[in-house]
Structure formats: C-alpha cells, structure tokens
Amino acid sequence: MRKTKWLNLQGSVLAASTLAVVAASVLHVEKKYGGKKSSLISFDKEYLTNYAFERLILDNDKVTNFINTHLKQAEK
C-alpha cells in the first residue's frame, strides 16, 4: 500500500478511537457526578457514535475498499 492509504486508514482509526474515548469519559463523568437532565446542550450518544462511524469509515471509499479486499482474501 502507498503511504497515503496507510495514513488515511490510521487517521480514520485515530478519529474513531478519539470519539470512543470521549464518549466513555462523558459516561464516566455522568455516572460519577450525576447527569443533568435539564441542560442546554444534550445529545444522543448512540446517534453520535453511529453518525461518526458512518462518516469516518463507511463513507470513506479507500477504507471500505481496503477492508473489502482483506475480507475477500480471508474468505479464501
């Protein structure tokens, strides 16, 4: 693979793992200090993680092609 393809894959993995760590820390803080039900900023964690996964992994043609080729090779 070329260097740019590896960098794109690594960047996507880094972005997804960053989102996962932020979501886990938000859950930890909410559990420790109690979540406010009447806040100005509220978001659906499941929607946010699904959107980020679709946006970073599934919409990236290079990543999906890379994954599909390796899945086909693994099936053989």
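1. Where do Tyr47 and Tyr51 both lie, and how many residues apart are they? Both are in helix 2, four residues apart, or about one turn of the helix.

2. The model is predicted. Its mean pLDDT is 76. Residues that reach 70 or more make up 82% of the chain. Among the elements, helix 3 has the highest mean pLDDT, at 81. Helix 2 has the lowest, at 78.

3. Now the overall layout. The chain has three helices and zero strands. Read along the sequence, the pattern is α-α-α. Helix 1 covers residues 3-33, helix 2 covers residues 45-58, and helix 3 covers residues 61-75. Of the 76 residues, 9% count as buried. The chain exposes about 6800 Å². Carbon and sulfur atoms supply 60% of that area.

4. Start with Ser12, which lies in helix 1. Is Ser12 buried or exposed? Ser12 counts as buried, because its relative accessibility is 7% and the cut-off for buried is under 20%. Which residues does Ser12 touch, leaving aside those up to four places away in sequence? They are Leu56, Ile57, Asn60 and Val63.

5. Next, the aromatic rings. The structure holds one aromatic pair. The pair is Tyr47 and Tyr51, with ring centres 6.2 Å apart and planes at 20°, so it is stacked. The reasoning rests on the angle, since planes under 30 degrees apart count as stacked. How exposed are the two residues? Tyr47 is exposed, with a relative accessible area of 56%. Tyr51 counts as partly exposed, at 42% relative accessibility.

6. At 37% relative accessibility, Thr49 counts as partly exposed. What separates the C-alpha atoms of Thr49 and Leu19? The separation is 7.4 Å, although the two residues are 30 residues apart along the chain.

7. Last, helix 3. This helix has 15 residues. From its first C-alpha to its last it reaches 21 Å, close to the 21 Å expected at 1.5 Å a residue.

8. To recap for a first look at the model: view Ser12 with Leu56, Ile57, Asn60 and Val63, which it touches. Then turn to the stacked pair, Tyr47 and Tyr51.

Conventions
Residues numbered from 1 in each chain as written. Predicted model: local features only at pLDDT ≥ 70, side-chain atom pairs only at ≥ 80, totals over all residues. Heavy atoms only, no water. Helix = DSSP H or I, 4+ residues; strand = E, 2+ residues; numbered from the N terminus. Buried < 20%, exposed > 50% of the residue type's maximum accessible area, 1.4 Å probe, protein only. Areas by Shrake-Rupley, 256 points an atom, 1.4 Å probe, with all protein chains shown as cover. Phe/Tyr/Trp six-rings, centres within 6.5 Å; stacked < 30°, edge-to-face > 60°. Expected span 1.5 Å × (residues − 1). Contact = heavy atoms within 4.5 Å. pLDDT = per-residue confidence, 0-100.
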